[in-house]
Amino acid sequence: EEVVKCHICAGELKAATSDLPFKLDMNRIVILKGLPVLQCDQCGEYIIEDAVMARIDEMLANADKSAELEILRYAA
């Protein structure tokens, strides 16, 4: 299995889940819960893989345009 290294500290990235906020414009924030990320076990830096990012883009595009704050559970 290929070990992915952190671009900040060169620590090892491991699969994890995280809740992350996305600011869509001045007055809109969407929080996505349970996102699969690769997180560094040394410095805590994380990366989001391309396939996950594509799904995030889809979910954000379909988010409620009138809500100032929306919380969505990530689903692949």
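Let's start with burial: of the 76 residues of this protein, 29% count as buried. Buried means under 20% relative accessible area, exposed means over 50%, and partly exposed is in between, with a 1.4 Å probe and protein chains only. A word on the source. This is a predicted model, where local features need pLDDT of at least 70, side-chain atom pairs count only at pLDDT 80 or more, and totals for chains, interfaces and linings use all residues. Residues are numbered from 1 along each chain as its sequence is written, and side-chain values use heavy atoms, with hydrogens and water left out.

Now the layout. The protein has 1 helix and 4 strands. From the N terminus, the order is β-β-β-α-β. Helices (H or I, at least four residues) and strands (E, at least two) are DSSP runs, numbered from the N terminus. The C-alpha atoms fill a box of roughly 40 × 25 × 15 Å along the principal axes. Contact means heavy atoms within 4.5 Å. Among contacts between residues at least 6 apart in sequence, 49% join residues at least 24 apart.

Next, the inside. Which residues of the largest nonpolar core touch the most other members? The core has 13 residues, and the answer is Phe22, Val30, Leu32, Leu35, Ile56, Leu60 and Tyr74. Strand S1 (13–25), strand S2 (28–40) and helix H1 (50–61) each give two or more residues to this core. A nonpolar core here is a set of buried Ala, Val, Leu, Ile, Met, Phe, Trp, Tyr and Cys residues joined through side-chain atoms within 4.5 Å. In soluble globular proteins, nonpolar side chains tend to be buried together.

Take Val30. Leave aside its neighbours within four places in sequence. Val30 then contacts Leu20, Pro21, Phe22, Leu24, Leu60, Ala63, Glu70 and Leu72.

Ile29, Leu69 and Ile71 make a nonpolar surface patch of about 280 Å². Patch residues have over 30% relative accessible area and no salt bridge; like charges are joined within 9 Å, and nonpolar side chains (Val, Leu, Ile, Met, Phe, Trp, Tyr) within 5 Å. Ile71 sits in strand S4 (residues 69–73). Is Ile71 buried or exposed? Ile71 counts as exposed, because its relative accessibility is 52%.

On to the cysteines. How many disulfides does a search of the whole structure find? The search finds 0. A disulfide needs a pair of cysteine sulfur atoms within 2.5 Å. Cys6 is in none; its nearest cysteine sulfur, that of Cys43, is 3.8 Å away. Cys6 is buried, at 6% relative accessibility. Cys40 is buried too, at 5%.

Salt bridges next. The whole structure has 4. A salt bridge is a side-chain nitrogen of Lys or Arg within 4 Å of a carboxyl oxygen of Asp or Glu.

Here is one: Asp41 pairs with Lys14, with the closest N and O atoms 3.2 Å apart. That pair links distant parts of the chain, 27 residues apart: Asp41 is in the loop between S2 and strand S3 (46–47), and Lys14 is in strand S1. Asp41 is partly exposed at 47%, and Lys14 is partly exposed at 38%.

Another one joins Lys33 and Asp19, again with the closest N and O atoms 3.2 Å apart. Lys33 lies in strand S2 and Asp19 in strand S1, so this pair ties together parts 14 residues apart in sequence.

Then Glu58 and Arg55, whose side chains meet at 2.7 Å, N to O. They are 3 residues apart in helix H1, so about one helical turn separates them. Glu58 is partly exposed at 45%, and Arg55 at 23%. There is also a network: salt bridges with shared partners join Glu12, Lys14 and Asp41.

One last residue. Most residues other than glycine have a negative phi, and most peptide bonds are trans. Ala10 has a positive phi, near 70°. Where is Ala10 found? Look in the segment before S1. Ala10 is partly exposed, with a relative accessible area of 45%.

Note on methods
Areas by Shrake-Rupley, 256 points an atom, 1.4 Å probe, with all protein chains shown as cover.
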